[in-house]
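Here is a short briefing on the model shown below. Keep the sequence and structure in view while reading.

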Amino acid sequence: MIHARDLTFAYPRASFSLNIPELEVAKGERVGIIGPSGTGKTTLLNLVAGLMQPASGSLTVAEHDLTALDDAARRRFRAAQIGFIFQNFALVDYLNAFENILYPYRVGLGLSLDRDARDRAQMLAETCGIGHRLKSHPNAMSGGEQQRVAICRALVTQPGLILADEATGNLDPETKEIILNLLFARAADHGATVLAVTHDHDLLPRFDRVIDFATLRQKEQTS
Amino acid sequence: MNALFLAFAHLRWTWARSLILTLVGAMILAVPLVTQTLLRGSEDALTRRAEATPLVLGARGSQLDLVMGAVYFSEDRSQPITRAAEDAVWDSGLALPIPLNTAFQTNGARIVGTSLDYFDFRGLTLAKGRQLAILGEAVLGAGVAERLALGPGDTVVSAPENLFDLDGVYPLELQITGVLDATGTPDDEAVFTDVKTSWVIAGIGHGHDDVVTADAEGNITANAAITEFQRITPENIDSFHFHGDAADYPLSAVIVAPYDTRSGTILRGRYLDPENPVQITDPSKIIAGLVDRIFRIAALLDAVTVIIGIAALGAIGLSLFLAWSLRAPEMMTARRLGAGRFTILRLACAEIVILLGCAVVLAAAIVFAVNENGTALVAWLLAL
């Protein structure tokens, strides 16, 4: 799913630079990324999503060479292939839960909202346990419920890759466990790969593999 | 379509802000149009009525006050003249004089004491009821009748001028005999009575019990505590009488309708003497000067409206900019979810289009309502 070689990135006028000699993530794999703040975890997610362009090296995601795509093509790729989940949920406050799930179809380049998408959104909401909350707005929902909506939104376009940036960082331990189970289960349903940044070491055993950005040492684990 | 959906959802979510922006936008659009409509309507109504009133006779002083009071029944009234001025026009044989006594009010409407010639002169016709016949009767303008929900058979009471003036004007109950057809002129907002009835309201004429009465045994009694009638009925009408010289009875003004151009010229010449306490004036000339001044002020008003409009548009723009700044996280999310380069611009444009559309519809409704009721509004404005 992800192939990166000699990947480098540097922010202008900043001392930080990211250097990844090699990264391979297989389809359907669940990979956790840990490491101290400022070591480039979120930057890697942004590179993989095509939000940033690497300075050098090669990066192929879902058989798309991101270094060769122009801006519009990268946006189309992102809309079709990537599902994003954020620590702060990033829901749209003026839309209800159902419309939030369908939000990628409202803004995503190349996506069109049809009956199938609506049925899929409904089905995802039911399986995530928020079928009864679809008319509610985010400000009337708990953190756990909001993150379930965010998971549904990430999966509704049936992307090949889910990028989760501290997806459980704002949740209590019990909800954290439920949300992670939900994310992995739904991702497995759709055969999606999960690349998740986390600071929670208790969750690491749940991943197939963990990349430690402190040492860029990859630890192979079995699920 | 998606941009419109999201824009509409956001505007609905922030409905108070959207409502205020729409109202402000509608006001910016509607105010200049409404002002122009009312100004043009007022100009037309003022000019038309002034041109239909050949000459006005009144006390020397402000010609504008004289014309406004006599032609439009406004609050601006000149000093009264006496009935002798009307008689002088009669005696000249050069014109038809129509007396006007507009000193009193009832229920916020001007009471116009006049003669039946006034109705022919203005071309006023009755929508219902009958014309004035005896003392104490009144005919209502269409606007007053509608506003007060009154018609033939009802009564109105004249408003006392001063509650603490024992020798002053007392309320008189007027019997309504008819309602005029609407004309879209100040006549719609007036209550017409015979000029003699207006003198009864003024206290010059009155009716009361007999001062001297005889009992069954023929004893004559002079009663000091006589009761004045505040309502004129068939039973007491014969007791009504006037005191003093009829030539001294007050009039607010006299409309003078010369029989021909030459007669008009001769009459005007008779009142040129600045020592004469009575003056004669041509309303069309006075109103032409007034309209000219109004339109000079209106041009200034237009400039002020444009400046305020620009300032308000700036405030609306700032409000939209701040709203979009607050939505930066949403825009970042949209970008991460694959939004196109122009998606955000489309969203902003869609919101502006919806707000502008609502403002235009509301402004059009306001302008339409003003246009539909323009005649009545202008008549009401002129009667102020």
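Which residues have the most contacts inside the largest nonpolar core? They are Cys152(A), Leu163(A) and Leu195(A), in a core of 74 residues. This is a predicted model: local features need pLDDT of at least 70, side-chain atom pairs count only at pLDDT 80 or more, and totals for chains, interfaces and linings use all residues. Residues are numbered from 1 along each chain as its sequence is written, while chains are lettered from A and ligands numbered from 1 in the order in which they are written.

**Cores**
- A nonpolar core is a set of buried Ala, Val, Leu, Ile, Met, Phe, Trp, Tyr and Cys residues joined through C-beta atoms within 7 Å.
- Buried means 20 or more other C-beta atoms within 10 Å of the residue's own, with C-beta atoms placed from the backbone.

**Strands of chain A**
- Strands are DSSP runs of E, at least two residues; helices are runs of H or I, at least four; both are numbered from the N terminus.
- Strands pair if DSSP finds at least two bridges between them.
- β1(A) (residues 2-10) runs antiparallel to β4(A) (residues 56-61), joined by 5 bridges. Thr8(A) stands opposite Ser56(A) there.
- β1(A) also pairs with β2(A) (residues 17-25), antiparallel, over 8 bridges. Ala10(A) has Ser17(A) as its bridge partner.
- The β1(A)–β2(A) hairpin has 6 residues between its strands. In the turn, Arg13(A) has a positive phi of about 55°.

**Helix α2(B)**
- Its buried residues include Leu21(B), Ala30(B) and Arg49(B).

How values were computed:
A residue is buried if 20 or more other C-beta atoms lie within 10 Å of its own, exposed if 12 or fewer, and partly exposed in between; C-beta atoms are placed from the backbone.
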